[in-house]
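Colleague: I'm new to reading protein models. Could you walk me through a few features, one at a time?

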Amino acid sequence: MLILIIALFALAFTGFLYPYNRGTLLTSLVIVYTLTSVVAGYTSASFHSHFEGTKQRRSVRLAGILYTVPFFITVSVLNTVAITYGATAALPFGTIVIIILIYTLLNIPFLMLGGVLGNRFGLSEFQPPSAIKRNPREIPTQNWYRRKLYQMFLGGLVPFSAVALEWHQLYATLWGFKIYTSPGIMLFSFIVLILLSASVGVILTYIQLSGEDHEWWWRSFLCGGFAAMFMYGYGVLFYLRSDMTGFLQLSFYLGYTALFCYALFLVLGTISFLASWMFIRHIYRSVKLE
């Protein structure tokens with residue numbers, strides 16, 4: 001998904017995507033998502049094999065359904081609501097068939113191809129940078145600022161506060177009457193969001209490890225992805241302050257905003273985890289040298 005976002009920015013800068021044609025944007029999303037399925041399969045299988053895992057196929061399947069299954073369920077419900085109201089926003093039957101065929105005939109084979117490539121040519125076997133113990137150490141009682149909920153709140157608040165103004169402009173473009181014509185500013189804000197998510201993730205992981213809490217894997221992911229929860233909360237506030245009314249508009253707004261924020265949750269959480277992972281390998285390699 002990160003590569004998908006970068007590809008959309010590249011298409012916008014080359015002039016292929018322009019704000020007055022949203023159909024081209026949706027078509028590009030489907031095509032680029034299908035092509036990047038190779039990357040999803042490769043990274044999941046490669047990272048799983050890095051730790052001598054034996055369930056690479058399960059890992060690749062999870063990479064394929066982690067976003068698409070919630071996406072199809074949400075879109076199906078929203079499409080049913082639109083058909084009930086007789087709205088033109090309902091997807092035609094032919095479009096639904098085409099999307100299903102693209103996913104079945106292209107997305108899944110590309111995902112499997114990436115999994116095979118990741119299993120054969122991915123990361124080598126993991127070598128710990130320093131000595132490790134066979135049994136995990138007991139985690140002592142943590143101070144309040146080292147607890148999970150507080151770190152998740154802080155890990156989401158800091159990146160979101162830096163892009164809140166740009167996020168308002170994005171909501172106004174997607175659901176309001178404004179036309180966004182400055183992809184450069186949006187790209188700069190996205191880069192700032194990535195850098196802050198990685199930096200805050202590393203800092204919070206270091207604070208956690210300094211308290212002898214070694215269970216940092218999922219917490220680093222949640223701390224980075226929690227910024228998307230703030231984005232969704234701001235979306236609810238934007239709806240309350242807008243002129244949108246009725247169940248149809250409410251369901252479409254909350255549903256598609258949830259899908260958008262969920263995608264960012266996965267992207268930012270992964271960035272935070274990978275930054276923490278590289279940081280920990282670096283500091284423990286330094287411990288070994290000392």
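Modeller: Helices (H or I, at least four residues) are DSSP runs, numbered from the N terminus. Here, A164 sits in helix 7, residues 148–175. Before going on: this is a predicted model, where local features need pLDDT of at least 70 and side-chain atom pairs count only at pLDDT 80 or more, while totals for chains, interfaces and linings use all residues. Residues are numbered from 1 along each chain as its sequence is written, and side-chain values use heavy atoms, with hydrogens and water left out.

Colleague: Is A164 buried, exposed or partly exposed?

Modeller: Buried means under 20% relative accessible area, exposed over 50%, and partly exposed in between (1.4 Å probe, protein chains only). Accessible areas come from the Shrake-Rupley method, and for residues, only the protein chains shown count as cover. A164 has a relative accessible area of 22%, so it is partly exposed.

Colleague: Which side chain does S37 join in a polar contact?

Modeller: A polar contact is a pair of N or O atoms within 3.5 Å; within protein, one must be able to donate a hydrogen and the other to accept it, and residues adjacent in sequence count only if both atoms are side-chain atoms. The side chain of S37 makes one with that of N107, at 2.9 Å.

Colleague: What about patches? Which residues make the nonpolar surface patch?

Modeller: Like charges are joined within 9 Å, nonpolar side chains (Val, Leu, Ile, Met, Phe, Trp, Tyr) within 5 Å. Here L62, I65, V69, I73 and V77 make a nonpolar patch of about 410 Å². Its largest share, three residues, comes from helix 5. V69 lies in that helix and, at 37% relative accessible area, counts as partly exposed.

Key: Helices (H or I, at least four residues) and strands (E, at least two) are DSSP runs, numbered from the N terminus. Patches are made of residues with over 30% relative accessible area and no salt bridge: like charges are joined within 9 Å, nonpolar side chains (Val, Leu, Ile, Met, Phe, Trp, Tyr) within 5 Å. Accessible areas come from the Shrake-Rupley method with a 1.4 Å probe; for residues, only the protein chains shown count as cover. A salt bridge is a side-chain nitrogen of Lys or Arg within 4 Å of a carboxyl oxygen of Asp or Glu.
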